[in-house]
Structures are given as structure tokens and as C-alpha cells.
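Please view the sequence and the model below, then read the points grouped by topic.

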Amino acid sequence: MALRKIALATASVFALATPAMAEDLTFAVATEATSMDPHFHNTGNNNQIMLHIYDRLVHQGPNQELIPGLATEWGPTDDPLVWEFRLREGVTFHDGSPFTAEDVAFTLGRAGNVPNSPSGYGTYVNDIASVEIIDDYTVHLHTNAPVPLMANNLSTVSIIPSENEGATTEQYNSGEVSNGTGPYMQVEYTPGDRIVLEANPNYWGDAPAWDTVTIRPIGADAARVAALLAGDVDMIENVPTSDIESLEGNENVSLSQGISNRVVYLHLDSDRETTPGITAIGGGEIANPLLDVRVRQALSMAIDREAIVEEVMEGVAIPAGQLLPDGFFGTSENIEVPEYDPEGAQALLAEAGYGDGFAVTVHGPNDRYINDAAVAQAVAQMWSRIGLEASVDTMPASVYFGRASNLEFSVMLVGWGSGTGEASSPLRSLIATHTPDRGWGASNRGRYSNPEFDALLEEALATVDEAARGALLAEAMELSMADVAVIPTHFQVNTWGTRPGLRYIPRTDEYTIAMGVVPAE
């Protein structure tokens with residue numbers, strides 16, 4: 001056996017706060033959850049809510065390091081096509097029923113198969129060919145090829161009880177079947193208003209620090225800051241970059257800041273012969289120029305990433321040339337941030353036959369990422385300087401992502417944080433050919449497809465040796481960036497604000513969770 005030997009943990013990775021700091025905690029999020037179904041929509045604003053209610057087999061610490069969750073040991077067996085997970089005993093769901101291997105098997109069967117999911121979890125579970133229950137607290141996961149990232153993958157999947165078989169997303173939203181093993185229980189979900197959670201008195205880890213947790217969606221930056229200053233909430237996420245300097249001098253506010261692994265990027269329709277958001281200047285249908293790599297290169301070269309960071313993000317961001325910041329596993333040391341070169345971009349457009357430009361609409365959310373609408377406007381202005389007729393259409397994330405997943409747009413401002421903390425997550429979800437039955441390209445809204453890239457990624461995902469796998473992922477990253485599969489602009493740096501006496505432990509996954517609120521030092 002090659003199990004990773006880890007001492008049985010008696011405390012949860014999330015038990016960072018001391019018990020009984022206060023009875024209640026209220027915090028405001030910039031983007032509300034789209035569902036309370038833990039497997040419906042793989043997006044950060046949903047995942048951070050689910051972490052309160054549901055455990056994973058493997059948890060992630062603040063820097064996405066792997067830590068025991070509902071599994072205490074894991075690793076490949078002597079057969080490289082079989083992983084063993086040994087489960088934590090004595091854990092109960094919120095309704096008092098015991099957690100066993102049956103629940104793991106059921107969860108892994110459901111996670112990638114939720115009806116109407118706009119962006120699901122198949123990318124993390126579809127490598128599992130079958131689940132073998134050895135006993136109540138041991139499962140073997142069989143695969144068709146080696147899956148060295150199995151533990152990373154399953155650190156993204158919420159475990160639900162097998163008794164929920166047949167339950168619908170609507171039943172999760174209503175709370176009828178909300179039944180996890182996590183530190184908090186779902187009490188109320190009122191879309192647009194609040195989510196209320198209550199401490200789980202039988203939690204297997206350290207007792208939750210708060211009796212109740214209320215999560216309020218406040219999309220407007222000014223309103224979110226005002227709520228904190230007025231004492232209506234104890235914490236806010238996404239402190240506006242324009243307010244950081246003034247809040248740093250406010251004795252009634254404490255700021256916590258950390259770099260994330262979220263890249264903000266542009267997805268491009270590089271699949272259809274004609275595309276809905278691009279026309280000839282003045283109107284009229286034209287062939288999709290985004291099919292030409294020279295056009296995609298020109299669009300990337302025309303973006304002044306330094307200006308976006310300094311002027312739009314007010315210095316609180318990092319220019320991006322690939323899908324993860326330097327230092328994360330699978331990134332390439334050979335990729336540099338593309339140089340701003342509008343003259344070169346114009347030359348490439350002319351070479352591709354678009355010297356007279358074309359009309360393009362940049363679509364994006366206006367309440368999901370830090371300064372997202374302003375970033376979209378900046379990109380459009382930069383493209384206008386190279387002769388394009390560029391316009392912007394932004395909308396609430398609750399509307400935007402559904403339309404983007406329905407392929408209604410040609411150029412989309414989006415963000416992606418690596419759920420696994422390494423490069424295969426964005427490469428597989430954003431760049432790989434859209435293949436629903438294997439979970440690849442689940443969020444590839446541009447439908448980019450490159451067989452050479454897919455082959456490299458497939459080889460990397462089956463490579464057990466870490467150094468060799470990292471090199472293959474880096475090579476896949478280089479290929480996709482050279483082909484401009486997407487256009488990265490910047491990595492977010494996140495800022496949380498708390499009331500006096502509290503501080504927040506920043507996370508590279510950007511999640512805002514009650515378990516990260518601790519007493520101020």
C-alpha cells in the first residue's frame with residue numbers, strides 16, 4: 001500500500017477560530033450563491049457557502065494545502081488504477097444519521113450528473129470508473145488510467161448522504177434535503193436577501209465559533225462598505241480598491257489582504273464560423289475573426305495589463321500571462337506577461353485581413369469580480385485604439401453566467417480560481433475540448449479545441465511522477481497561451497474588512513468563510 005499516512009485529526013481544518021467569540025456573525029458577500037445544491041454550479045460564490053454545510057473527503061487549508069476531512073488517510077494502492085480512502089469514523093450528518101462509505105459512493109455518482117448544471121463537478125469525478133465499498137469506512141476508487149491528482153480533485157466535492165438519492169436542486173434550495181456533516185446547518189435561504197446557518201452541535205471537529213452565521217449578498221461596493229462602517233455586518237469581502245487607503249486609517253475597521261489564484265481573463269469564441277457578438281463595422285455579418293490565431297494574438301497585444309493593474313485595480317492586482325500566478329504547481333517559467341504593443345496588434349490584424357477592423361461586444365458581469373465592469377470597459381477602450389468598434393455589455397452575474405453558458409456571447413470577461421490549487425484545474429476546465437461525458441471543458445465557453453493540447457493534458461493527468469507531471473502541465477500551459485486559447489489580464493489580490501476585534505485569514509481560493517474569522521491579534 002502507498003497510503004499517505006496522516007495522524008487522525010481530531011480538529012477540523014476549518015476550526016481556526018476560538019469557540020464562543022460571539023453568538024452571531026454576519027458577513028456580506030459581493031456575489032450571492034446561485035444555488036444551495038452543492039453539486040449544481042461549480043463557482044466560488046457557491047463553494048464558499050457549501051464549505052459551511054458540507055465536508056469533503058480532503059479539505060484545503062488557507063493556501064490550499066491538503067488536510068484530512070472525512071478521509072483520514074488516502075493514496076494509491078499497489079495497483080496504480082486503484083485509490084484507497086479510509087474514512088473518519090463516528091461522524092454523523094445533521095439529521096443524526098451516520099456517515100459511511102455508502103455516502104461517498106453515492107456522492108461520487110451524483111456530483112458530475114446534476115440536471116441542467118451550468119458548470120458542474122464532472123471534471124473532478126469523471127476519471128473514477130467505479131467505486132468499490134470495502135467496508136463502512138474504506139472505499140476503493142477504480143480508474144481507467146492513473147489519476148495522481150485524485151486527492152486534489154476530491155478536495156472540491158461536497159459529501160452528501162445516500163438517502164438523498166433522487167433529490168432535486170429545488171429540494172436543496174428549499175432546505176428540505178440540506179443535510180451535511182459540516183460545522184453549520186442550513187436554516188434559511190432567501191435569494192437576494194440572506195442565507196442563515198446554525199452551528200452543528202454534533203460537529204466532529206472543534207465546536208463552531210458562532211451560534212449563527214448570516215450571509216448577506218450586497219453587490220454594490222459602496223453599500224457593502226457602508227454596511228461595515230454602520231455595524232450592520234461584522235465583515236465584508238471584496239473591499240473596493242478605491243476605499244482601501246481610507247479604510248486603512250479608520251480605527252473602526254481592520255483589513256486583511258492576500259493574493260489569490262484567481263485569474264481574470266477573456267474567453268473567445270474560437271469555434272463558430274459566425275459569432276453573435278462580432279459584426280462588420282456599421283453592421284452586417286462577417287466570418288468569425290476569432291478563429292484566426294493572429295487576431296487573438298492582436299487582441300492580447302492590445303491590452304495594457306500594467307495600466308489595468310495600476311489604473312483600474314489601483315495597484316491591487318498582478319498582471320497575468322498565464323492561468324496561475326508564478327510558483328503554483330504546473331505554471332511555466334517561460335511565459336512572460338504579453339507586452340503592450342498596439343502597433344504590432346494593428347499589423348497582425350492587417351495581416352489577417354482585418355485591417356479595417358470589426359465591431360465587437362465585450363460581455364461581462366458587473367458584480368462578480370473586483371472592478372469587473374471597469375475592466376471590461378478598459379479592454380474595450382484599448383481595442384478601440386487599434387481600430388475596432390468595441391462596446392461593452394455587463395449585467396448581474398446571476399444573469400450573465402447562464403447566458404454565457406448558453407454560448408450567447410463572443411468575448412466574455414470571466415474569472416477562474418483553481419479549485420485544486422494547481423494548473424490542471426484551469427487547463428482542464430477552461431481550455432480542454434468541451435467533452436461533457438468526461439467532464440473536460442466544463443467551463444470552456446469559447447469552445448476552444450486543440451488536439452495537441454488535449455493529448456498533453458491527458459498525459460500530464462496520468463503521470464504519477466510529480467516533476468514530470470509539472471513539466472507536462474507547464475508545456476500544456478505554454479501551448480495554450482501561445483495559441484491564445486484565452487486572454488489572461490490579471491490575478492486578483494483580495495481584501496477583507498472586519499469590525500474591530502476580528503480579522504480574517506486570507507485564502508488563495510478567495511473563499512469567505514465564517515471559519516476563517518478569528519480574534520484580532
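**Briefing on the predicted model**

N45 is buried, since its relative accessible area is 5%, and buried here means under 20%. The structure is a predicted model.

**Surroundings of N45**

- Helix α1, which spans residues 44-53, contains N45.
- Beyond the residues up to four places away in sequence, N45 touches T31, E32, A33, T34 and R368.
- Between N45 and I386 there are 341 residues of separation in sequence, and their C-alpha atoms are 36 Å apart in space.

**Helix α2**

- Helix α2 covers residues 101-110, and seven of its 10 residues are buried, so the rest of the structure largely encloses this helix.
- The buried residues of α2 are A101, D103, V104, F106, T107, L108 and R110.
- The cover over these buried residues includes the strands β5 (82-87), β6 (128-135) and β7 (138-143).
- Helices also contribute to the cover of α2, among them α3 (122-125), α4 (150-154) and α5 (169-174).

**Packing of α9 and α11**

- Helix α9 (residues 305-312) packs against helix α11 (residues 372-384) at an angle of about 140°, and their axes are 11 Å apart.
- Because of this angle, α9 is oblique to α11.
- The crossing formed by α9 and α11 is right-handed.
- On the α9 side the contact is made by A307, I308 and V312, and on the α11 side by A374, V375, A378, V379 and M382.
- Classified by type, the contact of α9 with α11 comprises eight nonpolar residues, with no polar and no charged ones.

**Nonpolar cores**

- In soluble globular proteins, nonpolar side chains tend to be buried together.
- In this model the largest nonpolar core has 69 residues.
- The residues with the most contacts inside this core are L57, F85, L87, L141, L154, L427 and I431.
- Helix α15 (residues 466-482) provides the largest share of this core, namely six residues.
- Another core lies apart from the largest one and has 37 residues, including I370, V375, L388 and V484.
- F85 is in contact with L57, V58, A71, E73, W74, Y137, T138, V139, L141, M150, A151 and L154, leaving aside its neighbours within four places in sequence.

- Most residues other than glycine have a negative phi.
- L407, a residue other than glycine, has a positive phi near 60°.
- The loop between α12 (397-405) and β17 (411-417) holds L407, and with 21% relative accessibility L407 counts as partly exposed.
- V484 is likewise not a glycine, and its phi is positive at about 50°.
- The position of V484 is in the loop between α15 and β18 (486-498), where V484 counts as buried at 5% relative accessibility.

- G219 is placed in the loop between β10 (212-217) and α6 (221-229).
- With a relative accessible area of 34%, G219 is partly exposed.
- G219 touches A30 and R224, not counting residues up to four places away in sequence.
- Although 191 residues apart in sequence, G219 and A28 are 8.8 Å apart in space, C-alpha to C-alpha.

Key:
Residues are numbered from 1 along each chain as its sequence is written. This is a predicted model: local features need pLDDT of at least 70, side-chain atom pairs count only at pLDDT 80 or more; totals for chains, interfaces and linings use all residues. Side-chain values use heavy atoms; hydrogens and water are left out. Buried means under 20% relative accessible area, exposed over 50%, partly exposed in between (1.4 Å probe, protein chains only). Helices (H or I, at least four residues) and strands (E, at least two) are DSSP runs, numbered from the N terminus. Contact means heavy atoms within 4.5 Å. Axes are lines fitted to C-alpha atoms, for helices over the stretch in contact, and angles run from 0 to 180 degrees between N-to-C directions. Angles under 35 degrees count as roughly parallel, over 145 as roughly antiparallel, 65 to 115 as roughly perpendicular and the rest as oblique. A crossing is left-handed if the near helix is turned anticlockwise from the far one by less than a right angle, and right-handed if clockwise. Ala, Val, Leu, Ile, Met, Phe, Trp, Tyr, Cys and Pro count as nonpolar, Asp, Glu, Lys and Arg as charged, and the others, Gly among them, as polar. A nonpolar core is a set of buried Ala, Val, Leu, Ile, Met, Phe, Trp, Tyr and Cys residues joined through side-chain atoms within 4.5 Å.
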